[in-house]
Amino acid sequence: METSYRTAPHASKEAFAVAPGVWGLKTVFVNLYFVASPDGSWVLVDAGVYGAAPKIRKVVDELFGGKRPKAILLTHGHFDHIGALKELAREWEVPVYAHPLEMPYLNGKSSYPPPDPSVGGGGMAYMSFLYPKKPIDVSEYLELLPTDGSVPGLPDWRWVHTPGHTAGHVSFFRESDRLLLAGDAFITRDGESMLAVMTQKREVHGPPKYYTSDWGSAHRSVEKLMELNPGIAATGHGLPMEGGLLMRQLEELVKDFWSVAVPGQGRYVHEPAIADEQGVLSVPPATDNTIPKVIAATGIVALAGVALVAYARRSGQDNRRKQQERAMRVRPFSHNRPLQGIPPTVAATLDEDDPQAHTNNYP
Ligand SMILES: [Zn+2]
Ligand SMILES: [Zn+2]
């Protein structure tokens with residue numbers, strides 16, 4: 001099963017071989033990939049966490065003799081995938097390709113829909129020192145991915161739009177060996193388990209919950225990737241997986257998506273964030289759990305005291321009522337498509353749910 005990785009070319013101490021001409025590098029908790037072409041050129045897919053540039057340069061020296069890539073491709077623009085982007089794009093003077101719907105988060109126009117701490121963000125909060133303070137702006141290097149699905153710098157690859165985790169999320173696919181770079185459309189370790197992070201257990205999971213703002217689209221995207229029948233999948237978080245195990249677990253994820261991947265409750269569970277090429281248009285109201293956290297985080301409680309707490313309680317009740325009403329309706333993002341698996345329910349656990357009790361350790 002894993003011997004094919006070992007027999008693949010491996011010329012770097014830091015990077016792990018994925019398939020012929022493809023290497024991955026883990027920066028703290030997120031992967032990026034080096035993809036070579038038969039003509040000796042190469043591209044970088046994603047750019048790791050902030051501070052990853054020296055490690056990336058070292059691998060570039062080992063694998064490509066320090067030669068700069070033809071381009072940098074982005075699966076999406078979350079902070080943990082673009083940490084070294086600006087520094088490297090400037091140094092290499094290469095274009096950065098992304099999907100049109102991802103542009104506003106890369107040219108400084110918009111922030112992403114707010115993350116949802118109510119689905120468990122302990123680990124993410126812990127890693128907050130890595131967060132950028134404002135949206136990144138790499139507009140001078142930005143280019144749109146070609147509309148025909150071709151991938152600049154990689155003639156035998158194509159890109160696939162896989163929205164849901166973010167609106168402009170894409171995956172990259174090499175037909176010849178059915179190799180898939182899936183970004184965060186799905187991941188290959190349990191993002192919610194610290195043990196899984198430590199043991200590096202390979203297992204197919206849905207996109208990281210904390211940052212996923214459209215679960216209906218995320219579901220369809222995993223289905224789209226399953227239909228590609230990938231032979232190997234290398235993702236943003238976790239080690240590569242391949243063969244029958246990969247396909248079996250992908251099929252299970254698609255079938256049971258609403259019960260295993262979508263959180264039981266949370267801001268985006270019943271209503272997605274809406275975004276276009278200009279940025280975020282609307283987001284559903286924060287759920288019950290997030291209101292006290294937001295207030296605590298901004299210190300408003302200390303300033304406004306009792307009145308605000310009372311307001312938060314009232315709007316919490318309003319939110320709960322609205323959420324229950326929403327749950328009774330057909331979910332807008334289902335697009336009238338019959339859902340597979342168990343549809344989510346909200347009402348049962350809302351009252352007793354304690355955000356502090358979550359054991360979520362994503363990233
Ligand atoms: Zn992400
Ligand atoms: Zn990620």
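Helix 6 (residues 215-227) has 13 residues and, at 1.5 Å a residue, should span 18 Å; its end C-alpha atoms sit 18 Å apart, so expectation and model agree. The expected span here is 1.5 Å times one less than the number of residues in the helix. This is a predicted model, in which local features need pLDDT of at least 70 and side-chain atom pairs count only at pLDDT 80 or more, while totals for chains, interfaces and linings use all residues. Residues are numbered from 1 along each chain as its sequence is written, with chains lettered from A and ligands numbered from 1 in the order in which they are written.

Helix 6 is largely enclosed by the rest of the structure, because 10 of its 13 residues are buried. Buried means that 20 or more other C-beta atoms lie within 10 Å of the residue's own, exposed means 12 or fewer, and partly exposed falls in between, with C-beta atoms placed from the backbone. The buried set runs through W215, G216, S217, A218, H219, R220, S221 and V222, then picks up L225 and M226. What do these residues pack against? Their partners are strand 10 (170-174), strand 11 (179-183), helix 7 (243-255) and helix 8 (257-260); a contact needs C-beta atoms, placed from the backbone, within 7 Å. Just after helix 6, N229 adopts a positive phi of about 55°.

Stepping back to the whole protein chain, there are 12 helices and 15 strands. Helices (H or I, at least four residues) and strands (E, at least two) are DSSP runs, numbered from the N terminus. Of the 363 residues in the protein chain, 45% are buried. Among contacts between residues at least 6 apart in sequence, 68% link residues at least 24 apart.

D80, in the loop between strand 5 (71-73) and helix 3 (85-92), is buried because 27 other C-beta atoms lie within 10 Å. Its C-alpha atom is 8.8 Å from that of T27, although the two are 53 residues apart along the chain. D148 and R158 are 10 residues apart in sequence and 8.7 Å apart C-alpha to C-alpha.

Finally, there is a hairpin made by strand 14 and strand 15, with 2 residues between them. Strand 14 (residues 274-276) and strand 15 (residues 279-282) run antiparallel and are joined by 3 bridges; strands count as paired if DSSP finds at least two bridges between them. A275 has V280 of strand 15 as its bridge partner.

Key:
Contact = placed C-beta atoms within 7 Å.
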